[in-house]
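Biologist: Before we discuss the chains, could you show me the sequence and the structure, and then tell me what the words we use for them rest on?

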Amino acid sequence: MTQRNRLQGGLIDRSKTISFRFDDRWMKGHPGDTLASALLANGVRLMGRSFKYHRPRGPLSAGSEEPNAIVALRTGARQEPNTRATTAELFDGLTAQSQNRWPSLAFDALSINDRLSSFFAAGFYYKTFMWPAAFWEKLYEPMIRRAAGLGALSLQPDPDSYDKGYLHCDVLIIGAGPAGLAAALTAGEAGLRVILADEDPLPGGRLNAERLEMGQQASHAWAAETTAWLAAMPNVRLMMRTTVTGAFDHGVYGALERVSDHLPVPPEGKPRQILWRIYSARAILAAGATERPIVFENNDRPGIMLAGALRAYANRWAATPAKEIAVFTNNDDGHRTASDLAAKGVTVAAVIDTRTDAPKSARYEVVAGGTVTGTSGRLGLKRIEVTDARGQSRRIDCGALGVSGGWNPNVSLTCHQRGRPEWDANIHAFVPGGTLPEGMVVAGAAEGAFSTHAALHAGARVAAAIAADLGKTPPSPDLPQAEDAPVSLTPFWHVAGTTRAWVDQQNDVTAKDIRLAHQENFTSVEHLKRYTTLGMATDQGKTSNMAGLAIMAEVAGKSIPEVGTTMFRPPYTPTAIGAFAGRSRGTEFRPVRKTPSHVWAAEQGATFVEVGMWLRAQWFARPGESHWRETVNREVLQTRNSVGICDVTTLGKIDVQGSDAAAFMNMMYCNGFAKLPVGKTRYGLMLREDGIAMDDGTAARFAEDHYVVTTTTANAVPVYRHMEFVRQCLFPDMDVQLISTTEAWAQFAVAGPNSRKLLQKIVDADHDISNEAFPFMACAEITVCGGLRARLFRISFSGEMAFEIAVPTRYGDALMRRMMAAGEEFGVVPYGTEALGVMRIEKGHAAGNELNGTITALNLGMGRMVSKKKDAIGSKLSEREGLNEEDALKLVGFKPVDAQDTVPAGAHLMTRGTPVDAAHDQGYVTSACYSPNLGHHIGIGFLKSGDARMGEVLRLVSPLTGVDHEVEVVSPHFIDPEGDRLRA
Amino acid sequence: MLIDHPLLGPRDAAEFVYKGDAALIHRPDGAAEGALEAFIDYGYLRDNPAGTHRELWFHEQGDRSWLVVTRDTVTHEISRVELARDVARREGRSK
Amino acid sequence: MRYSGFRVIKEALTGHRGWGPAWRDAAPQDAYDYVIIGGGGHGLATAYYLAKEFGQARIAVLEKGWIGGGNVGRNTTIIRSNYMLDGNEPFYEFSLKLWEGLEQDLNYNAMVSQRGILNLIHSDAQRDAFIRRGNAMILNGADAELLSTEQVMARYPFLNVNDARFPIKGGLAQHRGGTVRHDAVAWGYARAADQRGVDIIQNCEVTGFRIERGRCTGVETTRGVIDAGKVAACVAGASSRLMEKAGMRLPIESHVLQAFVSEGLKPVLPGVITFGAGHFYCSQSDKGGLVFGGDIDGYNSYAQRGNLPVVEDVCEGGMAIFPMLGRARLLRMWGGLMDMSMDGSPIIDRTHIDGLYFNGGWCYGGFKATPASGFAYAHLLATDRPHPTATAYRFDRFAKGRMIDEKGMGNQPNLH
């Protein structure tokens, strides 16, 4: 197959020929081609099928506004659905498949929908598929869903990586057309830090698509020369293949750089794309304009495209959809297309100009005051029907038709902070209006200045103003002479009386659909959009919204701005989800925090579990242990019988120091802390201001002006934040300082009857840790292992005689090893979070499952801890009646009546003999385990009036997991309720 | 968004944690007469203006300052940033 | 005019000339028995049930813009009743039952699709909490099923289990949950209410309340004064702005919640799925777009738009569980205004001003509540007693310490 529609010239690299495949056909193209230009050059116009009616479609545009030529690029895990052929750069070996067709693009079974289109008018599905009711989910919806969507995902993990980056600049220039280049030149020469970004690989914008002179050179040559000049400036960063996708608050812009999409696969070590967050003091929007079509009967056949696109394919890519073309226009720009194509040797069959005073031409026929009233050609345009000013119709053969209804400034980014465009009656288009994003100015075609001359000067002018504003001396760059044609356009939106005339080509919204929406009172622009799906396709209505508005205005008898305005939301063009996620995927979704003994634990073959960001040892299985519970039982029993060690570094630690530390602590905790003696530790319950328990833990007093607070693992960060709030915002004159030392100290619980003996081998001899010198709840700053500073606390979560010992984090691993060696004679075991949990449930200590954000001190059985003598955070609001009900929930223990039964967490409790329903719910089990010490399952949880129901037998139900049996209410302190072991 | 930290200069808002209306500085005195009513109002009712809003942000991934940021809730424009501690003192909070 | 398949065929064959307006554009009258402020889903549903279930007449719905322009047209279309607390679960289950009969009731196909919702479980503690919740659902007459990891994988085979940072340990499913075509809910209620004589008045903004001696007698609007027997505020997202005109401060902050849709894709997701170790939930619409979202931006805002950090956070969550989404493209992002209440639950109650009623505080969960909210509000308006499923949604629950706090986050709205 030859490139039969390849023209002369163009900006493609003809020195190289590359191969690509579309569906089953291999073809040739050149570097510089897009997939669409190469297909056109090869005589292919049919590139896709529309969404609803499966109409055959070819490219409408030559850029990112493309609604029709949407393909699946690449294969396998890299398959990329819904990719615009008009922006996909051609590379050797590229493969693409057409979408939304079966069995083939040329013959698509679902094009039957097109024949039935009168049944599928806008909103038809709201009016039917309701009977019988069950059929919607069984029949109708599955049918609809089978037809849904355009492209298909590979369903395989994306094999490529994505990066994120952050850039800062004085001015971000969006668009490297004439306005953007002139602005960059000016700002760059003024010494500003400039970023110039454009979605195209080739800077120049329309300068590359036109046959224009600038000064003494071709416009594309000027663009190339200017770009080279800019590239040499150290303060200018050129970012091609970079789409500025969104304008966010305070001058933050999102931008997507397609690093490797023009290559078969990303180079080793390179990402596929980079999501940049650009922080800019100012921004210049120089995004140009998008041509808009005119709506007429059967205006969607492959070969019918925007006139400017036809011209761009010819000038830049040396490609044409056909050797014989026509143009349908309401403005002078359409004539430029005709003359450019004629200059390339393409036959211009006619220019149909809606204006009766259309300019004449010696090179082609002009049908002044004419319209296109019909087309034919099933899979590609063959001829058009033209009706002239006198109403005479005739047919003209052509394989392509360029359509120009004028140009719309690309206002998208001005709308991202909900600025609304305004109607400019001079150019019959919406221009940026209202409030622009902070720091943004608009220049060139994007603000409606369409000539090259105007764009150059606008770009230079706004950049100079910004430079002056930022304290730089603006230069006056040497701008070339360029065309300065005025806009000459007579508005003409659609050919009257049309029915099957396509407004939104991807979503198959017709002029008739818009009229129907109006008839049914969906007249507001938002209703129109939502009812007909106009503008909801992957192009966000860039080529369709205006015509839709114009038709609605006509049927409503209003002006276009009275009907509404076009609005755009980020992103400017659809952006890969992978790019927004960047490297945060897989195991790197979130950082991992490891405890100081992690390496040691891994050496022991520990099983780890995620606890927030932390990885903690869950248990330490030994050879021969066949089930995790066997391991956990051993760890629990050995700890209770001798000694066990657990890394508890993850608990939050907050140092509180200052002469007002005691007053501060008294405010933070609902129970008193001011009178805690130095060298003692106390259990503290911290409430939120609303009276609900926020966290619990111990706080140790090391000096009159020094406390060390511990928090639960989960609340380390929120508690610290809360304490800083109280310190800085509520009591700014308190002399107290806080610092989080969670990561500074490695901390281990050493628990069990032999814990003291073990620690005596670790703690330096001059520190007496006997029960007399260092009783339960004592704390001290000590040294271990011959002089290493450490903190020792006589506290117990397990209910055994226990200590927590802390050393600077870098010694944590060494201390663990030293303690394990020292404990060998006692048969010391390391224990993980599972055994920790079992022991705390056996002891009836509350933890995360109990502190669920709805529980008060009263519920925990600690109502009397809330001091009435002092003002503390949460004490007042905890007095409310709803938090002090007669039958308030109380923390209790449960044991099964039949010792074989479990007491699963999450089960609910019912009084025996009452119905099992929510109205009779008595409470729920929060934590449960098998107790190896008791030999049966136990649980703790909340029960209405629980403290008064000891010994009552309740029905425990978990319909979700099929549990229904009896449990007895018992004290939550299953082990050593008197606390003798603690104090041993 | 960017928050112009009075000590550190402009920082991305993602470094901060938001709390709410800066009126939360004015915690009632728990020992005063009618304190419960005052706490219910303090704890649960908000002006929630569409427009200028003084609000508390915590520089959690920074210097741990609580800031009072004056921000327009319609445009997100920030007109003033102060250390909450300075504001609290100025508005009569002490120990 | 009744909608039916027959009618669709008949109109197709006669050029669709017979379709009339889905609802009339009414001009305001001088006085109504009921003036409902807010032409969103809840306001329109309230009007419909007032007329249909409670036999009331002379009802107007005032909408400052176009109906359905607020959160009913900006959400991620999910319906479910997987709540835990007694104050909530019966209400949301009532709502789900109303959804199940909605289309026949309204004669409008809102595409109620009970494709199921699945909350993934990633830790033992989370499983405990979900079991408690699932049991509460069943005890309240709703459906719930605890799924194993294998059962989860059978439904969503491309979930990431190979290198997941937070492993998937099962899920809590509610098979009767699902999605509804959101705009159609507003239009369906509007059409059905209109057919029962309700005046739907667009482009009519309330600028003030007429309050005389502690009684609200009407509203001032951009289209004149309208007298009313009862005035019903129903403008979640902008509740504080409206009620300020009546001198009220609310237990509510306005926050922005972003939502996202991808380009149209061939079906991959059978139902609604939520990630339990990050902020991401997703479903796929009948058109093929992946509709997804995450957490609120977290600061007070009336801007109806958000910022990049949340966009990135949501997509990170998506990629964490569905690494096959990398090459799917995000097509559009938008923001809605949430009435974030102090305990994460709504308010349907009288105010201290006679004749003035309030419905709001829906946080980001208002869409699924639309039918029950309308029904319960109509009940309150017509009878001056709360509907049995909505007795807890009172203003004074904060003063009395009877918060309905599903997440247990306390009086900080942005954490709910």
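Modeller: Let us begin with pairing: two strands pair if DSSP finds at least two bridges between them. Please keep in mind throughout that this is a predicted model.

Biologist: What makes β3 and β6 of chain B edge strands?

Modeller: The open sheet has four strands in the order β3-β4-β5-β6 (chain B), paired in the antiparallel sense, and β3 (17-21) and β6 (78-83) of chain B each pair on one side only, which makes them the edge strands. Direction ignored, neighbouring strands of this sheet are turned by 25° against each other on average. Helix α17 (residues 716-730) of chain A packs on the sheet, where it touches β3, β4 (52-58) and β5 of chain B, and its direction makes about 85° with that of β5(B).

Biologist: Which strands pair between chain A and chain C, and how do you know?

Modeller: Strand β31 (residues 575-576) of chain A and β16(C) run antiparallel and are joined by two bridges; at least two are required, so these strands also count as a pair. In β16(C), C:R329 is the bridge partner of A:A576.

Biologist: How many residues does each side bring to the contact of chain C with chain A, and which element of chain C gives the largest share?

Modeller: Chain C brings 87 residues and chain A brings 90 residues. Among the elements of chain C that give two or more residues to this side are α1 (5-13), α5 (124-139), β12 (252-264) and β16 (329-341), and α5(C) gives the largest share with nine residues. By class, this side of chain C has 38 nonpolar, 25 polar and 24 charged residues.

Biologist: What does chain C bring to its contact with chain B?

Modeller: That contact takes 22 residues from chain C and 18 residues from chain B. The elements of chain C that give two or more residues there are α8 (239-243), β12, β15 (289-300) and α11 (397-400), and by class this side has 10 nonpolar, nine polar and three charged residues.

Biologist: Which residues have the most contacts inside the largest nonpolar core?

Modeller: That core has 376 residues, and those with the most contacts inside it are A:A183, A:I284, A:V750, C:V35 and C:I37. Helix α8 (residues 452-469) of chain A gives the largest share of this core, 10 residues. Leaving aside neighbours within four places in sequence, A:I284 is in contact with residues including A:V171, A:A183, A:V441 and A:V462. A second, separate core of 100 residues includes A:L35, A:A319, A:V403 and A:W502.

Technical notes:
Residues numbered from 1 in each chain as written. Chains lettered and ligands numbered in written order. Predicted model: local features only at pLDDT ≥ 70, side-chain atom pairs only at ≥ 80, totals over all residues. Contact = placed C-beta atoms within 7 Å. Nonpolar A, V, L, I, M, F, W, Y, C, P; charged D, E, K, R; others polar. Axes fitted to C-alpha atoms, helices over the stretch in contact; angles between N-to-C directions. Core = buried A, V, L, I, M, F, W, Y, C linked by C-beta atoms within 7 Å. Buried ≥ 20, exposed ≤ 12 C-beta atoms within 10 Å, placed from the backbone.
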